[in-house]
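Have the model open while you read.

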Amino acid sequence: MRNSVYMDPAQKFSLLLLFLGLVCVLASASSLKDDFEHCERVVQEWAFSSLEEEIKADKHTLRDLLFFLHVPRTGGRTYFHCFLRKLYPNSLECPRSYDKLRFDPRKRKCRLLVTHDDYSMVSKLPKQSTSVVTILRDPVDRVFSTYEFSIEVAARFLVHPNLTSATQMAKRLRAKTTGVSTLDIWPWKYLVPWMREDLFARRDTRKHRGLNDIMSSDPYDTPEIAMPLHEYIHDPIAHDIVHNGATFQVAGLTNNSYTPESHFVRHCVQKYKALGHHVLQVAKKRLDDMLYVGLTEEHRESATMFANVVGSQVISQLRASSSKTKGSAGKKSEWSSLTSESKSNNNNIDQNSTSNQNRSEIASPEIDEAVNENMTVGELMDSYEVCISSLRKSQTQRRTSSLKRIAPANFTKEARQHISAVVLQQIRSLNHLDLELYKYAQGLFAKQHRRTMQNFVGMEGLESLFNNSYTISGWKLLSVGTIVVSLLITFILVNARRRTLKLKI
């Protein structure tokens, strides 16, 4: 007699479900593997082609076009207003630098481009004639600053009774002004509306519940007023735009990129952490090829180095251009026409910039000075110090006015010290690529600083001088030595004076 196992219909059904579940798991694993391999292949191909790109010109020499790749919340606006606008006449600045939609790189005599666009912008420029500069910031502090600024700008709209009114008014103002609004600029065109909608929703909830006085000791965790930081960093929008933002921007992979494959590459890297080292490799190579890489945390040294590395070469270029023009008999000086045009254009810009409180963050708070072709690096630094003082004052006033509307969410550097260790570790983990890139940039900055110091005291010139000292009298050598010592003392005193200048960003 044969033994048989009897199963009731319920048991059979359970086994069938188990079998189907196993099939689904295996199919899912296979699909996931195929997806990873596809992503890996696309990312590797992109990285290989990007690393193949070669810039033949000397990276230490300023070329015809200067592209300032402005990573948000690094202090780049200070360099734009207090260095570059002191160096370049308005007529040499590429039109609508911060506005991707209206940028025209074909403009004749366009020699300065300052924008939040990523490195893919270089594909629109004459690569061998373009020098790139940038500034990086500690990734954790940059996340704090991005969060704060998004809410600060969004809070300006709370003067309106509701979100619909605020949105309609913003559209009308942007249509009337000739300037560029913060809402036109990446990444703020995504982050500010996101926070604006959130602020209005929380204000409506407070009104509905009758909550008038909100007390909180932690501005980064006041859910009745604004989105808490610990929620912000885990939102999909923050994942796509904020985290590892510096690495993606230097690599040319933001959601604002000009290259079509960039979006798929970015999503693959965000999905599979193991693929991040390919992007990091490209970003490091691009930092290597830049004329200048500054650090927000090394503000004093970065500013001094920018003046000596970039500023000195811009002055030399424009001086040479002016001399050629003046040498043409019977022709009006091109420099004079450029500076007069700069004054005229900047007068118009200044009038527009005071028209409303939602005006562009890019607009200068004062009329740009006419460019002085005889300016020295020392005079440029003096002008920079005066400018940052004025800029810092206007930034503080605007920030204070905005944050009053969302009190007690008053963001300060002191308040950052009380953010929990758990949140800090989460931010570090979410920005692992940026942390690695920043560490690499610190190494580049140190090398650049040593090279600048060597150039400053003229080590090569002195070596040549003393190698041929038999042809030079002793008093001349003493005179040269005295000059070098004087330059070193002046450099030390100027840097000591700037040590007290700390720009709040």
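1. Let's start with a cavity lining. Helix H1 (9-52) and helix H10 (276-288) each give at least two residues to the lining of the second largest cavity, and H10 has the largest share, three residues. Helices here are DSSP runs of H or I, at least four residues, numbered from the N terminus.

2. Before going on, note that this is a predicted model: local features need pLDDT of at least 70, side-chain atom pairs count only at pLDDT 80 or more, and totals for chains, interfaces and linings use all residues. Residues are numbered from 1 along each chain as its sequence is written, and side-chain values use heavy atoms, with hydrogens and water left out.

3. Back to that cavity: its volume is about 80 Å³. A cavity is a set of points on a 1 Å grid over the protein atoms alone where a 1.4 Å probe fits but cannot get out; lining residues have an atom within 4 Å of a point. Of the 10 lining residues, Ser50, Glu53, Tyr119, Arg286 and Asp289 are the closest to the centre. By class, the lining has five charged, four nonpolar and one polar residue.

4. Now the largest nonpolar core, with 75 residues: buried (under 20% relative accessible area, 1.4 Å probe, protein chains only) nonpolar side chains joined through atoms within 4.5 Å. Helix H11 (residues 299-326) brings the largest share, nine residues.

5. Val310 is among the core residues that touch the most other members. Leaving aside residues up to four places away in sequence, Val310 touches Leu66, Val133, Leu291, Tyr292 and Met305 (heavy atoms within 4.5 Å).

Notes. Buried means under 20% relative accessible area, exposed over 50%, partly exposed in between (1.4 Å probe, protein chains only). On a 1 Å grid over the protein atoms alone, a cavity is a set of points where a 1.4 Å probe fits but cannot get out, and a pocket is an open set with protein on both sides within 12 Å along at least five of seven lines; lining residues have an atom within 4 Å of a point. Grid points are joined across faces, edges and corners, and a volume is the space filled by probe spheres set on the points. Ala, Val, Leu, Ile, Met, Phe, Trp, Tyr, Cys and Pro count as nonpolar, Asp, Glu, Lys and Arg as charged, and the others, Gly among them, as polar.
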